[in-house]
Amino acid sequence: MRAGFVLSEVASGLRKNFSMVLSVILVTFVSLLFVGAAILLQMQVGQMKDYWYDRVQVSVFLCPPNSEAPTCVDGEATEAQKADIRESLEGSELAPYVDKVYFENKEEAYKHFQEQFDGTSLEGTVPQEDMNESFRVKLKDAEKYEIIKEYFSSTPGVEEVVDQNHLLDRLFGVLNVATVVAVAIAGIMLLCAMLLIATTIRLSAFSRRRETGIMRLVGASNTFIQLPFLLEGVIASAIGATLSAGALGLLVHFGVTGWLQNQATGFNLVSGVDVFLVAPILIAIGVIMAGASSLITLNKYTKV
């Protein structure tokens, strides 16, 4: 009997304040959409790091003819210098960091250069004899690439040490900035949603002040009086959170899995499974936000 009365009061409040409830749903939807996007973006960054950091290499480029680098004053790297560099890479001092070492000669470097710039203005601009020979180093921990760079920075016969991690760090830096922006926007929108929920609850309570006054006179508890108003905010926010999870699912299904995955072959992007994991988090955030806002409003700003 009490449950039926509470539900009828909730339905009445939602109906009477439909425009405000709709506003709460929309603002919650947009804000949690940004929250979900930020979570998925960080999940994607984590997957990309696991994929790329396992494949990146540090390239120790040897001195080619006519190099102006300070370590190449004696000209092209000699066989003795190459042997010393290989011995250092395969030695015990760097053993904790180096997994595998590959040597790329001029012929292989020229072939890769031609393949990389095939059909561009750079194709064929560098003759084979001017190509850099290099040692390609696969690290056990790709984030410790600076050790190799520092070790060979002044080694005779080494023109430069190039690590692919710098490019990845820039990419991940941009993605992290995008995450921060999404979280900032989501925070502002969540604040707006909380203020709207508070306003909706106050209007709903004001419109039913006579009923709540009678309930208090007949001995109804504060919890029983406030519960319908609390549920109004929670239900509106939960609907918005559910819609945001559904929108994320559609975006990932058609935009990421359906299109972007075909363009980014070789590694996996976020999928519907990830959205399924994120959805409960969004609903929980919406419910907790609405519940907290409603309780604060009822206890401090609304006399019922």
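Reader: Which residue does a disulfide join to C63?

Author: A disulfide is a pair of cysteine sulfur atoms within 2.5 Å. Here C63 is joined to C72, with 1.8 Å from S to S. This is a predicted model, in which local features need pLDDT of at least 70 and side-chain atom pairs count only at pLDDT 80 or more, while totals for chains, interfaces and linings use all residues. Residues are numbered from 1 along each chain as its sequence is written, and side-chain values use heavy atoms, with hydrogens and water left out.

Reader: How many disulfides does a search of the whole structure find, and is the link of C63 and C72 left-handed or right-handed?

Author: The search finds one disulfide. The link between C63 and C72 is left-handed, with -75° about the S-S bond.

Reader: Is C63 buried or exposed, and how does C72 count?

Author: Buried means under 20% relative accessible area, exposed means over 50%, and partly exposed is in between (1.4 Å probe, protein chains only). C63 has a relative accessible area of 3%, so C63 is buried. C72 is at 3% relative accessibility and therefore counts as buried. Another cysteine, C192, is at 36% and so counts as partly exposed.

Reader: What does the secondary structure of the protein chain come to?

Author: Helices (H or I, at least four residues) and strands (E, at least two) are DSSP runs, numbered from the N terminus. The protein chain has nine helices and four strands. Along the sequence, their pattern is α-α-β-α-β-α-β-α-β-α-α-α-α. Of the 304 residues in the protein chain, 41% count as buried.

Reader: Which residues of helix α3 are buried?

Author: Helix α3 spans residues 79–89, and its buried residues are Q81, K82, I85 and L89. The arc is that of the directions from the helix axis to the C-beta atoms. Seen down the axis of α3, the buried residues fall within an arc of 100°, so they line one face of the helix. E79 and E87, on the other side of α3, are exposed.

Reader: Against which strands do the buried residues of α3 pack?

Author: Contact means heavy atoms within 4.5 Å. The buried residues of α3 pack against β1 (58–62), β2, β3 and β4. Strand β4 covers residues 158–163 and contains V162. V162 is at 33% relative accessibility, so V162 counts as partly exposed. Not counting residues up to four places away in sequence, V162 touches Q57, V58, S59 and F61.

Reader: How many aromatic pairs does the structure hold?

Author: A pair of aromatic rings is described by the distance of the centres and the angle of the planes. Rings of Phe, Tyr and Trp (its six-membered ring) pair if their centres lie within 6.5 Å; planes under 30 degrees apart count as stacked, over 60 as edge-to-face and the rest as tilted. The structure holds two such pairs. F103 and F135 have ring centres 5.0 Å apart and planes at 55°, so this pair is tilted. The pair links distant parts of the chain, with F103 in strand β2 (residues 98–104) and F135 in strand β3 (residues 134–139), 32 residues apart. F103 is partly exposed at 30% relative accessibility, whereas F135 is buried at 1%. The pair of Y151 and F152 is edge-to-face, with 4.9 Å centre to centre and 65° between the planes. Y151 counts as partly exposed at 31%, and F152 is buried with a relative accessible area of 1%.

Reader: How many residues does the largest nonpolar core have?

Author: A nonpolar core is a set of buried Ala, Val, Leu, Ile, Met, Phe, Trp, Tyr and Cys residues joined through side-chain atoms within 4.5 Å. The largest has 30 residues, and L32, V35, L40, I197 and L282 have the most contacts inside it. At least two residues of this core come from each of α2 (18–52), α6 (165–207), α8 (222–263) and α9 (272–301). The largest share, eight residues, comes from α8. L282 touches residues including L32, V35, A241 and L248. A second, separate core has 20 residues, among them L94, V101, V137 and V161.

Reader: Where is D274 found, and is D274 buried or exposed?

Author: D274 is in helix α9. With a relative accessible area of 10%, D274 is buried. Leaving aside its neighbours within four places in sequence, D274 is in contact with L40, M43 and Q47.
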